Amino acid sequence: LFRSAAASSLPGYTDPMSPRAAPVLSSAGTVIYPDSDGQPMADTTEQFAFIQLVSANLDAIRTDFVAGDHLWYPVEGRPDIRVAPDVYVAVGRPKGHRGSYRQWNEANVPLTVVFEWWSPNSTFPMQVEKLRFYERYGVSEFYSWDQVRGTFAAFVRGDAGLDPVDTSQGFTSPILGIRFEVKDALRLYRPDGTPFLTLAEMEAQRDAAAAERDAAAAERDAALAKTAALEARLRALGIDPTSI
């Protein structure tokens, strides 16, 4: 079903079998690859929160390049063939700022793992077209959460392309080691089992840890002060504390 749908409504998607659009050239005669597709970053606050949550946590645990809502150009000379995943990881590519991910400048490494959040404005044909795009251009793992239906889907590359896998009992990414579970909502866990946290939760966790350290330091200082006072009292009585 996924592979039989027509590709027609995905912004930025061009089927390689369609007539090639003439690329826009700069004054120097080079092909222009825009760093923006003019589309909104997110349709809902939930989608925006998803992009922040996944990209921030992956960036914290991976040494690879991680980006969110960022254009990918897989084919040199074809600026019309592009897509902007909600979040992706390019395994083996260094961190750093990029206007867009131009694959030929990245040792020809395609996006490795892609995440998408389907908002109420997403349509089934759009979902199919993105799956086809990621399959055609070398993505190894594709994960999607359908907010409307409350369904999670995972696809892992096999001999025939991106194959769907069973996620009814949760699923662990073979490449990233992160785990997905669906209970009341989609929940993600790091390889060490700790949950993905929002930036606010990370900050609260850091504040709590700092408060614990401060409390322990205060308790230690109080104990040292009490010991010093006792030693001073013993010396006042003519007793050497070290002889006790």
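Hello everyone. What we have is a predicted model, in which local features need pLDDT of at least 70 and side-chain atom pairs count only at pLDDT 80 or more, while totals for chains, interfaces and linings use all residues. Residues are numbered from 1 along each chain as its sequence is written, and side-chain values use heavy atoms, with hydrogens and water left out.

Let's begin with strands. Here strands (E, at least two residues) and helices (H or I, at least four) are DSSP runs, numbered from the N terminus. Two strands pair if DSSP finds at least two bridges between them.

Strand β1 covers residues 64-68, and four of its five residues are buried, meaning under 20% relative accessible area, where over 50% would be exposed and anything in between partly exposed (1.4 Å probe, protein chains only). β1 runs antiparallel to strand β3, residues 87-94, with five bridges joining them. If you want a spot to look at, find Phe-65, which stands opposite Ala-90 in β3.

Further along there is an open sheet of three strands, in the order β9-β10-β11, with antiparallel pairing. β9 (171-172) and β11 (186-189) are at the edges with a single partner strand each, so one side of each has no neighbour in the sheet. β10, residues 179-182, is joined to β11 by four bridges. One of the pairs to look for is Arg-179 with its bridge partner Tyr-189 in β11.

Now the helix. α3 runs over residues 199-236, 38 residues in total, and reaches 55 Å from its first C-alpha to its last. That is close to the 56 Å expected at 1.5 Å a residue, taking 1.5 Å times one less than the number of residues. After α3 comes Gly-238, with a positive phi near 80°.

What sits on the surface in this region? Leu-237 is exposed, at a relative accessible area of 60%.

Finally, let's visit a loop. Most residues other than glycine have a negative phi. Which way does phi go at Ala-107? Ala-107 has a positive phi of about 55°, although it is not a glycine. Ala-107 lies in the loop between β4 (101-102) and β5 (113-118), and is exposed, with a relative accessible area of 60%. Asn-108 is in the loop between β4 and β5 too, and its phi is also positive, about 60°.
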